[in-house]
There are 2 protein chains.
Amino acid sequence: MERVKFSAREKRREVLARLEGFGHEIYRQLERGLFPQIVMPSRSTDNIYYDENLRQYVLGEKKKRRSAGNIGHIRSVAQLVWMAFFVHELTSNQKTSTLRDVFYSAQAYDIPFESQDESDNIITDLESILGCAREDFNVFPEERSAVFGDLTIEYTVPNYEGKRLNLTSHPDGVMIGPALTSAEFIETSADKIIAVEKGGLFTRFIEERVHEKFNAILVFLGGQAPRSTRYFIRRLNQELNLPVYIFTDADPWGMHIAMVIISGSANAAHLRDLTTPDAKWAGVWASDIVKYKLPSEKLDDLDIKRLNELMRDPRYKEDELWQRELNMFMKIQKKCELEAFSRYGLTHIVDKYLPERLREIE
Amino acid sequence: MERVKFSAREKRREVLARLEGFGHEIYRQLERGLFPQIVMPSRSTDNIYYDENLRQYVLGEKKKRRSAGNIGHIRSVAQLVWMAFFVHELTSNQKTSTLRDVFYSAQAYDIPFESQDESDNIITDLESILGCAREDFNVFPEERSAVFGDLTIEYTVPNYEGKRLNLTSHPDGVMIGPALTSAEFIETSADKIIAVEKGGLFTRFIEERVHEKFNAILVFLGGQAPRSTRYFIRRLNQELNLPVYIFTDADPWGMHIAMVIISGSANAAHLRDLTTPDAKWAGVWASDIVKYKLPSEKLDDLDIKRLNELMRDPRYKEDELWQRELNMFMKIQKKCELEAFSRYGLTHIVDKYLPERLREIE
């Protein structure tokens with residue numbers, strides 16, 4: 001299998017080059033005596049489309065223009081320029097930060113963000129100008145998830161550069177943070193990725209040696225997967241050429257956890273490289289509740305409301321599986337959890353369900 | 001420094017012996033032709049006292065009695081006996097589980113738990129009968145937190161028994177799960193433990209090499225620390241004889257995260273060994289908001305309500321620091337976050353605040 005080479009160093013150089021390009025453009029305008037203007041794609045809902053080829057939301061042709069010559073724009077132009085400067089510092093010094101941290105850091109420079117929302121929004125502007133995710137310029141999520149399995153990685157972060165770790169080294173799993181996200185993948189014997197929503201099941205899978213029995217790298221999502229984890233899953237899929245199977249609770253929230261890994265979200269329509277279009281939602285399906293006679297609960301009003309939203313969502317329309325399972329949820333009006341398989345014994349999910357399901361969808 | 005020897009194997013043997021003792025007692029009664037009775041400490045609020053010597057809540061003398069001869073008790077007696085059987089299986093097979101999993105597992109045995117609450121409650125009954133925490137009989141929390149620093153551990157779990165890992169091996173941190181909780185501590189050069197509430201700051205501390213500059217093992221709490229993490233911190237404190245410093249947001253919720261690590265919670269009054277009475281809440285204090293001129297927000301109604309609850313809590317009455325800071329919160333009516341130090345630059349918290357605070361309280 002050929003492996004697409006990933007180089008954290010090249011990626012960092014590219015991001016820095018784009019940031020510097022953005023700065024040079026501002027300078028060029030100033031030197032020509034013009035009020036600097038910044039043009040970026042509009043992210044308003046009327047400019048968001050679902051792209052069936054890319055299998056994700058994208059932005060249309062509409063642009064928005066911010067000019068320092070417009071009194072109403074001065075504030076956001078200044079904020080954007082500072083933001084570009086600040087994340088350039090972060091990236092060139094290889095320091096990471098969080099959305100919250102950036103908001104407070106602005107105060108060190110007397111840059112007036114009135115709220116976290118305002119600062120987050122400017123970061124998203126910068127993402128859409130540069131065409132790269134904030135993790136690329138070292139702004140990471142607060143949430144943490146984890147991974148376990150036979151994959152040897154090589155770090156590219158300071159103090160660890162060149163060091164290697166096999167991801168079976170710690171049987172509780174290792175965290176997916178900035179160091180792992182930017183590591184090179186060196187070697188693996190795995191032939192698939194199994195991602196699970198919940199920590200208890202992640203531990204159960206390790207204890208039952210799912211990584212060996214099924215030749216799998218196990219990813220713990222921690223509920224709705226943080227963006228850096230979605231990016232990490234994409235890298236596993238693309239660089240190692242491994243199929244990805246996602247296991248969640250059988251409810252509209254669980255199926256949407258899988259969908260966001262597969263097709264991203266509408267508010268990341270300005271970004272690429274965060275989705276894994278070939279990943280598969282492997283269960284627990286609504287139809288499994290019936291098939292395996294699983295203990296279940298009645299869908300509540302909030303669940304039904306969410307199901308109706310998903311039914312209108314274009315991402316759920318393209319695939320027979322999504323449609324079938326949405327309809328099944330509506331029909332049986334029930335939901336259940338991954339742990340429900342324990343009604344047949346703790347190891348049933350590993351001994352019976354997992355091999356049956358993988359055979360079915362592989 | 002002398003190290004109290006921890007042996008996971010001995011501990012497991014002890015837990016199994018207590019479970020078997022519980023079973024034998026049931027048998028003895030049956031053999032004598034009696035309806036089995038189970039006696040355990042009452043956990044009702046009128047039997048919970050604060051013990052100033054142990055510096056935690058404890059249960060008083062009141063007992064509750066469950067008899068299979070009482071029609072109203074048959075159900076809970078049967079559930080308790082099954083629970084003891086089930087966790088004996090878990091513990092002797094060295095498999096772990098979660099509260100949720102146990103609830104579903106009961107259905108495999110036709111044991112009728114009507115709800116998760118009912119099943120959780122029976123687990124707590126069993127804890128108070130055996131005098132050990134559910135983690136001791138392999139029922140672990142769903143939540144995960146993490147650790148990083150120079151500590152070499154040796155695993156005792158199957159497939160890893162005898163293997164060692166240094167906890168600086170992965171610069172994003174390794175997860176605190178069943179394997180780490182039951183590992184032996186072999187060697188450390190650290191002379192303190194620094195625990196932080198938030199993931200972003202945990203990563204910042206690793207990047208800024210706090211573990212080296214301050215000779216510290218870093219623990220990421222993930223908000224309110226899961227019980228297995230509180231137990232892990234206690235082990236670090238007691239076995240390695242290292243002081244523990246806890247950093248949280250400056251608000252009533254943050255200070256209570258520290259308090260629960262230090263003194264436990266009222267609903268764990270039946271348990272020992274989950275608290276670290278000598279751990280210190282090292283910040284961010286209400287008085288730091290004033291002293292360091294930190295960006296802050298107004299306390300909202302919920303914060304004030306919580307502050308008033310804490311003021312009535314006996315755990316907050318025994319120490320000058322708690323009292324001073326509770327009063328300061330009330331006076332300034334403000335709260336702030338750990339990240340607020342970024343207003344002085346990203347590394348200010350490590351370069352200035354951390355050394356000043358440690359000098360102050362060490």
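Helix 8 of chain B is followed by Asn241(B), whose phi is positive, near 60°; helices here are DSSP runs of H or I with at least four residues, strands are runs of E with at least two, and both are numbered from the N terminus. Before I go further, please keep in mind that this is a predicted model, in which local features need pLDDT of at least 70 and side-chain atom pairs count only at pLDDT 80 or more, while totals for chains, interfaces and linings use all residues. Residues are numbered from 1 along each chain as its sequence is written, and chains are lettered from A and ligands numbered from 1 in the order in which they are written.

Helix 8 of chain B itself covers residues 227–239, and its 13 residues reach 18 Å from the first C-alpha to the last, close to the 18 Å expected, where the expected span is 1.5 Å times one less than the number of residues. Among the buried residues of this helix are Arg227(B), Tyr231(B), Phe232(B), Ile233(B) and Leu236(B); buried means that 20 or more other C-beta atoms, placed from the backbone, lie within 10 Å of the residue's own, exposed means 12 or fewer, and partly exposed is in between.

Turning to chain A, is Tyr245(A) buried or exposed? Tyr245(A), which is found in strand 12 (residues 244–247) of chain A, counts as buried because it has 23 C-beta neighbours inside 10 Å. Leaving aside residues up to four places away in sequence, Tyr245(A) touches Lys192(A), Ile193(A), Ile194(A), Lys280(A), Ala282(A) and Leu358(A), a contact being two residues whose C-beta atoms, placed from the backbone, lie within 7 Å. Ser92(A), in helix 2 (residues 74–92) of chain A, is partly exposed, with 14 other C-beta atoms within 10 Å; Ser92(A) and Arg12(A) are 80 residues apart in sequence, yet 7.9 Å apart in space, C-alpha to C-alpha.

Ile193(A) brings us to the largest nonpolar core, which has 194 residues, and Ile193(A) is one of those with the most contacts inside it, a group that also includes Leu218(A), Ile246(A) and Ala195(B). Such a core is a set of buried Ala, Val, Leu, Ile, Met, Phe, Trp, Tyr and Cys residues joined through C-beta atoms within 7 Å. In soluble globular proteins, nonpolar side chains tend to be buried together.

Chain A is divided into domain 1 (8–137) and domain 2 (190–361), with bounds that come from an automatic or database domain assignment. Their C-alpha centres lie 33 Å apart, and the contact takes 14 residues from domain 1 of chain A and 15 residues from domain 2 of chain A. On the domain 1 side, strand 3 of chain A gives the most, with four residues.

Finally, how many residues does each chain bring to the contact between the chains? The contact takes 44 residues from chain B and 44 residues from chain A, and the elements giving two or more residues on the chain B side include helix 3 (99–105) and helix 6 (199–207) of chain B.
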